[in-house]
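Some notes for your next pass through this model follow.

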Amino acid sequence: MAYPTVSKTYGFKPLNRVDGLPYAGAIRQIPVAPSYATAILNGDTVAVDTNGYLVAKTTTNSGDSVGVLVGCQYVNSSGQTVQGQYYPASQSTTTNMAFGYVVDDPNAIFKVAATNGASTTVPYAFSRAIVGSNVAITVNTGSTNTGDSYYVLTAHLLRPPQLCLCVLST
């Protein structure tokens, strides 16, 4: 069986659990800070700031990821509650909170593309020898047209416990 062709990266997508059980869609709702001015895309790794609000993880080696965004809820400019694939920038206010839907299960396994450079979104096939290794996350700017993250793994090996191929560690 041939491997599928992938034309672009897509961030982290939950697939399964380490213990062999299927991923059943379990998420935690975490509030987004009022007037948070950065889009958080589906498949982005996220962190919680010192005030307890969800933020996009923008550094590749800080080790503060709490999970992966898989959707959100916010109130749009027309006053309608939206269940969205991603959080568009500046949708949360002090009167209308936004919430990110985050996969934070430490047993979750994620599918993620790998590239051979930090500035590319073209997937690259590495040797199977990197499976189980710790590798760097590259934070590429995703698409607000599709809501998809362009986060990828790169071949640069890191010290543990920042990210194990396809399994986020805390």
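1. What volume does the second largest pocket have? The volume is about 160 Å³. A pocket here is an open set of points on a 1 Å grid over the protein atoms alone, where a 1.4 Å probe fits, with protein on both sides within 12 Å along at least five of seven lines. Of its 13 lining residues (an atom within 4 Å of a point), the closest to the centre are Ala39, Leu41, Asp44, Thr141 and Gly142. The lining divides into 5 nonpolar, 6 polar and 2 charged residues, with Gly counted as polar.

2. On provenance: this is a predicted model, where local features need pLDDT of at least 70, side-chain atom pairs need 80 or more, and totals for chains, interfaces and linings use all residues. Residues are numbered from 1 along each chain as its sequence is written, and side-chain values use heavy atoms, without hydrogens or water.

3. The whole structure holds 3 salt bridges (a side-chain nitrogen of Lys or Arg within 4 Å of a carboxyl oxygen of Asp or Glu). Arg17 pairs with Asp19 at 2.4 Å, N to O. Asp105 also bridges to Arg17, at 2.5 Å between the closest N and O atoms. That pair spans 88 residues, from strand E1 (residues 13–17) to the loop between E7 (98–103) and E8 (108–111). Strands are DSSP runs of at least two residues.

4. Arg28 meets Asp104 at 2.4 Å between the closest N and O atoms. Arg28 lies in strand E2 (residues 28–32) and Asp104 in the E7–E8 loop, 76 residues apart. Arg28 is partly exposed at 47% relative accessibility (the class between 20% and 50%, 1.4 Å probe, protein chains only). Asp104 is partly exposed too, at 26%. Shared partners join Arg17, Asp19 and Asp105 into one network.

Methods. Grid points are joined across faces, edges and corners, and a volume is the space filled by probe spheres set on the points. Helices (H or I, at least four residues) and strands (E, at least two) are DSSP runs, numbered from the N terminus.
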